[in-house]
Amino acid sequence: MKKAKGLLVVVSGPSGAGKGTICKDFLEKNKEAFLSISATTRKPRPGEVHGTHYYFLEEDNFKQMINEGGFIEWAQFCENYYGTPKKAVTEKLESGNDVILEIEVQGAMKVKEAFPEAVLVFVLPPSMSVLRERLTGRGTETPEVIEKRLNTALWELTIAEKYDYILINDDVTAASKRLEGIIKAEKQSVKRNNEFLKEFTQN
Ligand code: ADP
Ligand code: 5GP
């Protein structure tokens, strides 16, 4: 049997939902999985490192990369550009590693169109008031930006039904374990094992 390609997993949901926190926990426990490092025109937050958290680009360079077809998807979110570089993702998928894209919903919808085999997971905290608390508690955005992100969250929620799974982030460890469960279950799905079914009687 030939080696299966990796699974492309999109993790999105409102800013402050806990995507980053869950993915970090998941990746610590699943060393074969790869987190795509996005490019952005947003300025680095204290402690963020170029090439580790994001590739921090000037707008001109970002647009050049769009024109060169260097992104799987890109989107504008709260006045900054964000995009998923193509090369690393396709290489990792080909070599059988699962790839996680931690991206917002416009980008997720572009991935769904271009890669119908991708699994889409929508992360939410237990309630809107908890979302506000977490976004405020993170302390990385000004009150004005927090309001913008909360407003964007209301629109993002209207797209949730287009996803395959909802992941409620009540407790980080539990949510990360459920993400692991989603990926394991997807790999056993009939639609992902058609080749096996076809070849079964020939061997
Ligand atoms: P996102 O990546 O979706 O923007 P983060 O992962 O940065 O969100 O999480 C937002 C804030 O909420 C962070 O300060 C993080 O430590 C906190 N947080 C995340 N998950 C939980 C949780 N299950 N319980 C309590 N706090 C959480
Ligand atoms: P932040 O500024 O908080 O790091 O990210 C803002 C939003 O952009 C988050 O929802 C994050 O998931 C999303 N994002 C990060 N990288 C990408 C990307 O490559 N493409 C898209 N479409 N969104 C991204």
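Is glutamate 180 buried or exposed? At 14% relative accessibility, glutamate 180 counts as buried, where buried means under 20% relative accessible area, exposed over 50% and partly exposed in between (1.4 Å probe, protein chains only). The model is predicted: local features need pLDDT of at least 70, side-chain atom pairs count only at pLDDT 80 or more, and totals for chains, interfaces and linings use all residues. Residues are numbered from 1 along each chain as its sequence is written, chains are lettered from A and ligands numbered from 1 in the order in which they are written, and side-chain values use heavy atoms, with hydrogens and water left out.

**Ligand 1**

- The shell around ligand 1 holds 15 residues, of which Gly16, Lys19, Gly20, Thr21 and Arg138 come nearest; a residue is near a molecule or strand if one of its heavy atoms lies within 4 Å of it.
- A polar backbone atom of glycine 16 is 2.8 Å from an oxygen atom of ligand 1, and a backbone N or O atom of glycine 20 lies 2.9 Å from an oxygen atom of ligand 1.
- Arginine 138 uses its side chain, with an N or O atom 2.8 Å from an oxygen atom of ligand 1.
- On its own ligand 1 has 560 Å² of accessible area, and the protein covers 72% of it; accessible areas come from the Shrake-Rupley method with a 1.4 Å probe, and for residues only the protein chains shown count as cover.
- Helices α1 (19-29) and α5 (128-138) each supply at least two residues of this shell, and α1 gives the largest share, 3 residues. Helices (H or I, at least four residues) and strands (E, at least two) are DSSP runs numbered from the N terminus.
- By residue class, the shell around ligand 1 has 3 nonpolar, 6 polar and 6 charged members. Ala, Val, Leu, Ile, Met, Phe, Trp, Tyr, Cys and Pro count as nonpolar, Asp, Glu, Lys and Arg as charged, and the others, Gly among them, as polar.

**Ligand 2**

- Ligand 2 is surrounded by 16 residues, the closest being Ser38, Arg42, Tyr54, Tyr82 and Glu104.
- Side chains reach oxygen atoms of ligand 2 from tyrosine 54 at 2.6 Å, from tyrosine 82 at 2.5 Å and from arginine 149 at 2.8 Å.
- Taken alone, ligand 2 exposes 510 Å², and the protein buries 96% of that.
- Strands β5 (71-77) and β6 (80-85) are the elements that give two or more residues to the shell around ligand 2.
- The shell around ligand 2 divides into 5 nonpolar, 4 polar and 7 charged residues.

**Salt bridges**

- The whole structure has 18 salt bridges, each a side-chain nitrogen of Lys or Arg within 4 Å of a carboxyl oxygen of Asp or Glu.
- Lysine 5 and glutamate 94 form one of them, at 3.6 Å from N to O. Lysine 5 lies in the segment before β1 (8-12) and glutamate 94 in helix α3 (residues 86-94), so the pair ties together parts that are 89 residues apart in sequence. Glutamate 94 is exposed, at 54% relative accessibility.
- Glutamate 48 and arginine 42 meet at 2.9 Å, N to O, and both are buried.
- Lysine 184 pairs with glutamate 180, with the closest N and O atoms 3.5 Å apart. Both lie in helix α7 (residues 172-187), 4 residues apart, about one turn of the helix. Lysine 184 is exposed, with a relative accessible area of 52%.
- Arg42, Arg45, Glu48, Arg138, Glu141 and Arg149 are joined into one network by salt bridges that share partners.

**Nonpolar core**

- The largest nonpolar core has 20 residues, and Leu8, Leu101, Val111 and Tyr163 touch the most other members. Such a core is a set of buried Ala, Val, Leu, Ile, Met, Phe, Trp, Tyr and Cys residues joined through side-chain atoms within 4.5 Å.
- At least two residues of this core come from each of β1, α3, β7 (99-102), α4 (105-114) and β8 (119-124), and α4 gives the most, with 4 residues.

**Loop between β5 and β6**

- Cysteine 78 is found in this loop and has a positive phi, near 45°, in a residue other than glycine. Cysteine 78 is partly exposed, at 24% relative accessible area.
- Glutamate 79 also has its place in the loop between β5 and β6, with a positive phi near 75°. Glutamate 79 is exposed, with a relative accessible area of 61%.

Notes. Polar contact = N/O pair within 3.5 Å; in protein donor to acceptor, adjacent residues only side chain to side chain.
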